[in-house]
Amino acid sequence: MIEIKNLKKVYNGVTVVNVPSFEIKRGESIGLIGNNGAGKTTLFRMILDLIRPDEGEVLSKGQVVAGGEEWKNYTASYLDEGFLIDYLTPEEYLYFIGGLHGQKKAQVDEYLLTLTEFFNGEIIRKGKYIRDLSKGNQCKVGVGACLLQKPDLLMLDEPFANIDPSTQFRLKNILKQQNKQNGVTTIVSSHDLNHVTDVCERILLMEKGRIIKDIATSSSTLAELEEYFGVGQTVSNTTFEFDREENH
Amino acid sequence: MFSLFFTHELKSFWRSANTGKTLAIKIVMGILILILFMYVLALGLFLDRILEKAQPNENLTVAFCGILLIYYLYDILLRLQLQELPTLKVQPYLHLPVKRNTVVGYLAFTALFSFFNLWPIVLFVPFILKIILPASGALAVVTFIIAIIALALLNNYLALYIKRKANLNGFVLLIAGGLLALISAGDFVWHLFSLSKISYLFFGNLIKMPALVLLPLILAVVMYYINFAYLKSNLYLEELTTRKNEHKSSTEFPVLDRFGRVGDLVANEIKLILRNKRPRSALTMGLLFMFYGLIFYTNPAMPKGFNIFVGMFMTGIFIINYGQFMFSWQGAHFDGIMVSKVKFADFLKAKYMLFTIVSTVAFLLTVPYAYFGWKIVMIHFIMYIWNIGVNTTVVLFFANRNYKRIDLSKGASFNWEGVGATQLLLSFPLMLMPYLVYWPFIAFGLQNTAYVVLASIGILFIATRNFWIGKLTADFETKKYKIAEGFRNK
């Protein structure tokens, strides 16, 4: 699905992304994790041809992404609010996106019915422009617009960050369903290790622009990742928690 | 605390993205302000002579006292339109242990730093020193100056108060405007009362009774406290910002549906223009320009060659005014457009279509200028063709070189965001090209040929649009990363 060859991006002498060789197969569900500044969003942007790599290239279904238009037909993505047209109402925006993929308004309406639970009555016909919605609800619009496009490749950058627990739960189900039933290749980044290990079958850990771990999710994955991010404090952490309980 | 606030304010000015980056703009702006200042100063210095010319039968002091109140009436009107509310800047302090009185006091205090408060002093003090000092003595001068400053402050806080009220309810502004219109109509149209007499009643007596100076002073202080109290009781973010909670409905343009994806893009852009403050004022500016012709066509002394410019501006002001900031208008969601299934050629076609629609409407609106002869309408038509042929392409060529983001929600007046060298460069071809085509023929007395050539070039560009779209797309491909990155920089 996605093939990365010798990809490199340097800002002011600092290498933010450096991925020598890498492949994502069709139907995989990828979780991208890493601390702030690890290069996750930059990698996303290069896969989406929004940033020009200093070296190397990204191939999507065997075709070079840069300058191409073909990948746009089957790729849906939501990285941040910059992806939404904020002076439109959510309905107008969704009709617009649907229209780009040749869907009539009735078809869009029909599809949106399947998202009723996800939108939770906060999006459609609320009499608000997208810019007046909260960040969490904007995220719902963005994800909804992605699903509407019935993509082969779905890319979400920290979708869990702003949404409420119920929506997080629903989104996880949607992602699993899209991947299992529709065979959609998903790439999701998150800072929440629980979510990522729950949804994704393959975890990529980035540090300083490099992919330093590439693991298939198993029962021990979460502990392994917690150890990495806890910078060796995982054990003492639990005892500390215990102490605090005792002091109460 | 005030001094700390003040240093923050200075930092925010110097470090803000749109003031800090381009020194050239700062210099140009500084020069413009200086020129304006010189004009007002000159007006103030020669005010006695001007009044003498305008009202030769009146005593100078009487005439002067008569215009003061009228000045302040229009001052309010100007302030309502142009003076900016010092509001959102307090947001970072509201949750900190800073006393509310300090924050509100600071807000009220910074409101003093407005050019509007400087004008009356520059304008009237020279006259007071020249005429009133020798005639009525030093005490009269002091009371006059105090009265003038006090009235300026009264206006200052009154205008801010009205504007703050208007933020919560738009009708307040309408009522205030209507009231001002009624007052001026009452004097100048219906002659019910005379503003200059009322003005003289106060200022004339001020010379005799210096104690009267207390009146404007008290009014100013009262207004200050009304403003202060209002701000203090409404120091909540949702009330300070201009966001209104009215129901927003979806709109459709069925006509545009027929044009498929390009039509959708045009519909989006029309919504962009109508739903955001700054592009909306670009459109209103265009409507005001419809009266541009009245200035020129009623004046027989204007050289004929000017007509092509008048025609170009009237039918194409939107292309120039709105187009100069392309694609910055869409900067906030440019990433979204880039990854969505929008072909750049379609994106450009939508721009051409939008320009064509607006220019066509503008041309139709200028048809009544037929009153000045059908030839003028013909010139308008030729320049309309030129606009949708040549100028659209020129504007889009420069749009590929524009990397500055624009925040749509901010107003247009004194807003320099998104302004850069591109806009300056753009104005040269727009202004010069029609003249370069027109002038050589005129030099040989071939006026009609000049028109024919202008129209032919316009038609040629329209006929070859797809060629230009191809060129522009290829050009865009080389610059898109830079444009997208520029738009991401807030």
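Which residues does Ala399(B) touch, not counting residues up to four places away in sequence?

Author: The model is a predicted one. Leaving aside residues up to four places away in sequence, Ala399(B) touches Met326(B) and Phe327(B). Ala399(B) is part of helix 20 of chain B, which covers residues 374-399. Is this residue buried or exposed? Ala399(B) counts as buried because 22 C-beta neighbours lie inside 10 Å of it, where the cut-off for a buried residue is 20 or more.

Chain B is divided into domain 1, made of 2-9 and 19-240, and domain 2, made of 254-488. The centres of domain 1 and domain 2 of chain B, taken over C-alpha atoms, are separated by 38 Å.

Helix 20 of chain B also bears on another helix of the chain. Together with helix 18 (334-339) and helix 19 (344-366) of chain B, helix 20 is included in what covers the buried residues of helix 23 of chain B. Those buried residues are Ile469(B), Leu472(B), Ile483(B), Ala484(B) and Phe487(B). Helix 23 of chain B, residues 465-488, spans only 30 Å between its end C-alpha atoms, whereas a straight helix of 24 residues would span 34 Å at 1.5 Å a residue. Helix 23 of chain B also has a kink of about 60°, and the kink is centred on Lys479(B).

Chain B is in turn joined by contacts to chain A: 25 residues of chain B are in contact with 28 residues of chain A. On the chain A side, helix 2 (residues 90-100) provides the largest share, with six residues. By class, the side of chain A that touches chain B holds 13 nonpolar, eight polar and seven charged residues.

Chain A itself contains nine helices and 10 strands. Its radius of gyration is 19 Å, close to the 18 Å that the globule rule gives for 248 residues, so chain A is as compact as a globular protein of that length. The C-alpha trace of chain A spans about 55 × 50 × 35 Å along its principal axes. Of the 248 residues in chain A, 44% are buried. When contacts in chain A between residues at least 6 apart in sequence are considered, 66% join residues at least 24 apart.

The domain assignment of chain A gives domain 1 (2-74 + 151-217) and domain 2 (84-150). Between the centres of these domains of chain A, taken over C-alpha atoms, there are 23 Å. Where domain 1 and domain 2 of chain A meet, 11 residues of domain 1 are in contact with 11 residues of domain 2. Strand 7 (153-157) and helix 6 (165-182) of chain A each supply at least two residues of the side of domain 1 that touches domain 2. Helix 6 of chain A gives the most to that side, with four residues. Seven nonpolar, two polar and two charged residues make up the side of domain 1 of chain A that touches domain 2 of chain A.

Definitions and conventions:
Residues numbered from 1 in each chain as written. Chains lettered and ligands numbered in written order. Predicted model: local features only at pLDDT ≥ 70, side-chain atom pairs only at ≥ 80, totals over all residues. Contact = placed C-beta atoms within 7 Å. Nonpolar A, V, L, I, M, F, W, Y, C, P; charged D, E, K, R; others polar. Buried ≥ 20, exposed ≤ 12 C-beta atoms within 10 Å, placed from the backbone. Domains from an automatic or database assignment. Expected span 1.5 Å × (residues − 1). Bend = angle between axes of the 7 residues up to and from the residue. Rg over C-alpha atoms; globule rule 2.2 N^0.38 Å.
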